[in-house]
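Thanks for making the time this morning. I would like to walk you through one model, going from the whole chain to a sheet, then to the ligand shell and a single residue.

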Amino acid sequence: MAQANTDTTQSRRTFAIISHPDAGKTTLTEKLLLTGGAIHLAGEVKARGAARRARSDWMKIEQQRGISVTSSVMTFERDGITFNLLDTPGHEDFSEDTYRTLTAVDSAIMVIDAAKGIEPQTRKLFEVCRLRSVPIITFVNKVDREGRSVFELLDEIADMLALDVSPQMYPVGMGGEFQGILDFASGEVVVPEGPSKEFKGKRVAGFDLPDAIAENVELAQIGYPEFDIDAYRSGDMTPVYFGSALKNFGVTELIEAIAKYAPPPRPQPAGEEQISPDRDEVTGFIFKVQANMDPNHRDRIAFMRQVSGTFKRGMKLTPSGLGKPIAIHSPILFFAQDRELADTAQAGDIIGIPNHGTLRVGDTLSEKNQIRFTGLPNFAPEILRRVQLEDPTKTKQLRKALDDLSEEGVIQVFYPEIGGQWIVGVVGQLQLEVLISRLEAEYKVEARLEASPFATARWLRGDARAMDEFEKYNRANLAKDRDGDLVFMAKSPWDVSYQQEKNPELVFSATKER
Ligand code: G4P
């Protein structure tokens with residue numbers, strides 16, 4: 001592993017951290033970047049940088065709440081391995097952004113607070129990972145504090161997530177009793193050394209374990225399955241590590257585990273086909289678009305996860321949504337030590353492509369324009385609101401803004417077949433605040449959101465005759481989305497099952513793939 005060549009796809013680890021707010025994701029991210037040599041940070045770990053401040057109201061929301069609404073890309077290198085860490089929003093309301101970011105990674109670290117175990121957000125994000133069999137390494141954080149018993153934690157992960165757990169370490173005491181962490185593989189105990197603010201881990205062989213701990217270690221080793229890399233990589237088993245992000249303890253072991261076990265770039269689904277990272281042709285898909293980073297420039301950055309080939313600056317790629325090639329002259333290559341010098345990227349890397357709105361989330365980019373990546377769905381919104389303009393002469397601007405923002409994946413927009421009141425749908429409440437402040441700041445449109453009679457939406461699929469028939473009798477509950485696709489607006493989940501039962505020839509889908 002140590003001699004891995006940084007130019008091969010085998011040397012890339014593209015991953016995300018999933019956790020519940022406060023479990024320590026930000027702290028761990030900082031320590032990962034410090035431990036590995038961070039070579040480029042795209043966006044701050046938290047909304048801290050002066051340059052990021054005051055850019056737009058939307059970023060003010062981030063600041064006020066101390067959260068990062070938008071994902072960013074962080075890259076670091078260690079022992080010949082390039083790690084691409086994609087940040088996912090960690091707050092309770094998450095958006096489709098989060099889901100989509102998880103489609104662009106090959107593995108994830110699940111951070112759990114040792115005192116709290118599996119929390120709701122961890123679980124939700126875990127389910128998204130499971131949808132795509134994303135392998136997960138578990139990091140039980142905050143062992144420097146009183147926590148729950150190791151067995152309780154391990155059993156909770158196994159039971160709540162229906163996952164095999166394989167402990168790789170055992171904390172020798174927690175909180176005030178904390179003495180170090182036993183590493184099963186080497187039999188050594190990593191003990192804290194140096195000032196207590198951030199101690200260095202020193203490896204000690206033949207550490208004299210207290211009897212009670214020695215017994216528990218034996219139980220942990222026989223009571224749980226041995227680590228099986230295939231089971232891990234297929235998403236059925238999680239190896240469990242312990243540590244303290246705050247004290248930078250166990251972080252090196254975690255990085256080593258990612259380097260050793262986490263998969264290099266995986267093949268990506270394109271319909272029936274799987275596109276291998278070794279394919280010669282450069283291919284990738286857009287999983288995120290960030291617009292209006294700077295109010296003076298209407299540029300957007302489209303984030304492409306590269307799936308195969310060797311990308312070179314200035315290369316021509318064809319976006320599936322456009323049909324004709326574009327030359328990519330000024331890509332942002334996040335792994336670049338020096339932005340100016342870097343000019344190639346590999347499978348697993350993320351490339352930022354400045355554009356004026358031509359690239360959309362879900363687009364495939366490729367040299368030959370023959371394949372389409374699949375699996376970047378839109379999700380049925382859980383919150384629907386009517387948009388009410390304060391100034392009715394601004395209808396055109398509002399339409400443009402809603403189209404733009406839905407393109408970006410900030411919201412979904414539905415244009416009802418009857419009546420002129422447009423409806424926006426989101427997965428989390430925070431997206432609504434982002435919507436209102438961005439409408440004002442970027443489009444000079446003042447709008448209010450009002451209750452809508454609908455509770456959820458379902459995309460309709462079926463043969464043309466059945467669709468027409470359904471449309472004829474249900475126009476009051478139908479809308480078109482941004483792409484003109486037919487959507488059933490339901491007043492309740494019951495409404496959905498009722499209509500599905502009555503119309504078995506139609507599919508009422510909670511997701512839509514572009
Ligand atoms: P998040 O991004 O997952 O929301 O969590 P974050 O890293 O911001 O950590 C949440 C709180 O937990 C922070 O404390 C942080 O210092 C603390 N924390 C993180 N890792 C550890 C750990 O290993 N041990 C202990 N004891 N605490 C940890 P805070 O008081 O909310 O914020 P701050 O004032 O320290 O920034």
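What follows is a short tour of this structure.

First, a word on its source: this is a predicted model, in which local features need pLDDT of at least 70 and side-chain atom pairs count only at pLDDT 80 or more, while totals for chains, interfaces and linings use all residues. Residues are numbered from 1 along each chain as its sequence is written.

The secondary structure of the protein chain comprises twelve helices and 33 strands, taken as DSSP runs numbered from the N terminus, with at least four residues of H or I for a helix and at least two of E for a strand. Of the 514 residues in the protein chain, 44% are buried, meaning that 20 or more other C-beta atoms, placed from the backbone, lie within 10 Å of the residue's own. If we take contacts (C-beta atoms, placed from the backbone, within 7 Å) between residues at least 6 apart in sequence, 72% of them join residues at least 24 apart.

Let me turn to the sheet. Eight strands form an open sheet with antiparallel pairing, in the order β28-β25-β27-β26-β30-β31-β29-β32, where two strands pair if DSSP finds at least two bridges between them. The edges are held by β28 (447-451) and β32 (507-509), each of which has a single partner strand, so one side of each is left without a neighbour in the sheet. From one strand to the next, the twist averages 40°. Within this sheet, β29 (residues 456-461) and β31 (residues 486-490) pair in the antiparallel sense over four bridges, and Thr456 stands opposite Ala490 in β31.

Next, the ligand: 16 residues surround it, and the closest are Gly24, Thr26, Thr27, Ser244 and Leu246; a residue is near if its C-beta atom, placed from the backbone, lies within 6 Å. Helix α1 (residues 25-35) supplies the largest share of this shell, three residues.

Finally, where does Val361 sit? Val361 is in the loop between β22 (350-355) and β23 (364-366), and yet Val361 counts as buried because there are 22 C-beta neighbours inside 10 Å. Leaving aside neighbours within four places in sequence, Val361 is in contact with Arg100, Ile286, Phe287, Lys288, Val289, Leu376, Glu408 and Gly409. By contrast, Glu177 is 184 residues from Val361 along the chain, and their C-alpha atoms are separated by 49 Å.

Technical notes: Buried ≥ 20, exposed ≤ 12 C-beta atoms within 10 Å, placed from the backbone. Contact = placed C-beta atoms within 7 Å. Axes fitted to C-alpha atoms, helices over the stretch in contact; angles between N-to-C directions.
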